Amino acid sequence: MPSIHVMSPTLASQVAAGEVVERPASVVKELVENSLDAGAKFVRVEIRRGGVGMIKVTDDGSGMSRADAELCTKRHATSKLSSLEELFEITHLGFRGEALPSIASVSRFKLCTRQQQDLEGWEIRIDGGLEHEPRSSGISPGTAIEVADLFYNTPARRKFLKSAETEASHVEHQIRLHALAYPQVRFAYKRDDQLVFDLPATADLRVRISALTDAATAAALIPIETTIGPGISITGFLLPLSEARRTRKGQYVFMNTRPVEDQLINRAIRDGYGGFPTGLHPALFLYMEVEPALVDVNVHPAKKEVRFRRSADVVNTIVEAIANTLQKHARQEIHAAAAPEPERILPAPSTTAPHGEIPARSTNPGSAFPAAARPAPASSAAQPPLSSFARQSHGPVPPPTLRAIPLKQVPATQGKLDFHRQEDEETARHAHENAALERDASAGFSYLGTLRQQFALFETPEGLVLMHPKAARERIIFERLRARREAPMPSQQLLDPVVLDLDPRDFAVIRQFAPHFDQAGMAVTPFGQNTIRIESIPALLELENARAFLLELVDRLTQSEFSRNAKRVAYETFIGEFARKSAWRERISPHRAPAILKDLLACEVPYCTPGGKPTLVNYSVPEIKRKFGLQA
């Protein structure tokens, strides 16, 4: 027998499904794209058990006849392409003609569709590639596709899926991408029979972005003025550097209404910002319109990546759009900061104006009362650290006296003194125990003095060593805290919990690892759809950084092996921040330098902080001699 044979249609479809259907979110992507290509003005998505149990996408698009409904589930059947030339000027989202047969081969698939002019619709059912006879169906004009028991006949695929919570977060993210790309379309999403959102159609992109982000993000949007290049047009919104992330979760890039991920675009974005801190990625909503003949979207099975025919034009236009927007925004901020406060003109004591005349007004909007009657503006310095989050989530900020002291802790200063006293006692005990067990590693270091009250200088047999005492203390505190991992981090409960709206993927990570947050001294609980409530924080964590700190931890968890390292990553991130804030607030006198060096050299990793900054810098004698032109 020949060793080469032709695969059966069912097997071929299941192999193709490996490229198209990675997870439930992939199914949602393909089905929603078909709805949008059909001209739908309303798309409704429903899922159960993270999409594995059921996915249903309903639209009010053009619908299909019986003949088209039967053909659409055949491999390589499409209404989007009819000639080779059209392949190089694609204007639709879906065009391969493989999605529906691939999905139907690994699920229990049902399609109901009806054209506007027809009196009845048609139902097509396929179970794992086995087709049933079409039958009539009473359905509203449009198309409804239901995918049940995904991967029921390919269990090896199903075992690679994550939890229902995680898979649902990816589904929601995919729907949000389409909703951002098509603000003129109404999108509704239900999860396990609960409505997550129902977004009305709008002609204002900012309205759609605001509906899918929190109030603080929406308020910080910086409009990108439309920038035209050769065959390309760019618009959208930037976000301040404070919204940068360690992952690209904050970047939403669309090319001809298609969500794309492209290294060329990523580099252009960084160049537009004038470079960016290592390990961080700017957040933005970037919308590109490119002539179809200048871009090839047929280079990736999932159509995520694209290839540009004139990449230099794309890069230059993106860089110009972002750089010009940032420069204009900076000028506006400088102008606003330098503008003098408007002079207040108070109304005359006599009150009644002649008939037909307008009484004198203050030039300051809202200042219609005399100075004695107007409430004095609250000083920004008097606001407690929670003010920015409280305004976002709870409206007006109550007077500071209502929450001056945390519920479960003594005043902050006392708490810090207690912690440092305890830490110093442990330091002494630790040093005493180790003195009997090992030789002092700092014995060969002779303390010379300090440089600019910031760096400690030591002479060694090999040369000169500079130590940064605060960086050294950061490493020492970190390793002491890590050594007592079983004990929870010191924390303080908030009188007014902080409520934050998050990306669904971030929310899934936080919910999954909530116990590890508790261990690290931060109580985080779900508070509605994609919303969390921070009820307590580590004792030394500044509250105004709670959101950024939380997202930093989420990014690190996302980049780690969750099953093995989640607890260690969560705990070490918290104690690393705890150690940094403790050390850099200390007043370190020069006479403590030798003792700090001794403790530092007893650490497991003495040469850098937990964040990777050096604690010691060495200059060897040969290196110093070379600096003076002497023989080594």
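These are my notebook entries on a predicted model of one protein chain.

**Ground rules**

I number residues from 1 along each chain as its sequence is written. Because the model is predicted, I take local features only at pLDDT of at least 70 and side-chain atom pairs only at pLDDT 80 or more, while totals for chains, interfaces and linings use all residues, and side-chain values use heavy atoms, with hydrogens and water left out.

**Whole chain**

I looked up the secondary structure and found 19 helices and 23 strands. Helices here are DSSP runs of H or I with at least four residues, strands are runs of E with at least two, and both are numbered from the N terminus.

I then checked burial: 45% of the 632 residues are buried. Buried means under 20% relative accessible area, exposed means over 50%, and partly exposed lies in between, with a 1.4 Å probe and protein chains only.

Of the contacts (heavy atoms within 4.5 Å) with a separation of 6 or more, 67% are between residues 24 or more positions apart.

**Four-stranded sheet**

I traced an open antiparallel sheet in the order β17-β18-β19-β23. Two strands pair if DSSP finds at least two bridges between them. β17 (446-451) and β23 (616-620) are the edge strands with a single partner each, so one side of each has no neighbour in the sheet. Neighbouring strands are turned by 25° against each other on average, direction ignored. Inside the sheet, β18 (residues 455-460) and β19 (residues 463-467) are joined antiparallel by five bridges. L457 stands opposite L466 in β19.

I looked at α13 next, which covers residues 469-483. Its 15 residues reach 21 Å from first C-alpha to last, close to the expected 21 Å; the expected span is 1.5 Å times one less than the number of residues. Because 12 of the 15 residues are buried, α13 is largely enclosed by the rest of the structure.

Helix α14 (residues 504-512) is mostly covered, with seven of nine residues buried. Among these are P504, R505, D506 and F507. At its start, a side-chain oxygen of D503 comes to within 2.7 Å of the backbone nitrogen of R505. I count a polar contact as a pair of N or O atoms within 3.5 Å; within protein, one must be able to donate a hydrogen and the other to accept it, and residues adjacent in sequence count only if both atoms are side-chain atoms.

**Five-stranded sheet**

A second sheet, open and with mixed pairing, has the order β10-β11-β14-β12-β13. β10 (222-229) and β13 (258-259) are its edge strands, each pairing on one side only. β10 and β11 run antiparallel and are joined by six bridges, and I228 has S233 in β11 as its bridge partner. Two residues lie between these strands in the hairpin, where G231 takes a positive phi near 75°. β12 (residues 251-255) and β13 pair in the antiparallel sense over two bridges; F254 is bridged to P259 in β13.

Helix α7 (residues 205-212) packs on the sheet, touching β10, β11 (232-238) and β14, at about 45° to β11. Helix α6 (residues 164-181) lies across β12, β13 and β14 (284-290), at about 55° to β12. Axes are lines fitted to C-alpha atoms, for helices over the stretch in contact, and angles run from 0 to 180 degrees between N-to-C directions.

**Single residues**

I looked up T113, which sits in β3 (residues 108-114). T113 is buried at 0% relative accessibility, and its side chain reaches the backbone oxygen of G142 at 3.3 Å. Beyond its neighbours within four places in sequence, the contacts of T113 include G63, M64, W122 and I139.

P155 lies in helix α5 (residues 155-158) and is exposed at 60% relative accessibility.

Last, I checked phi. Most residues other than glycine have a negative phi. R49, in the loop between β1 (42-48) and β2 (54-59), has a positive phi of about 50°. N530 has a positive phi of about 60° and lies in the loop between β21 (523-526) and β22 (531-538). N530 is buried, with a relative accessible area of 5%.
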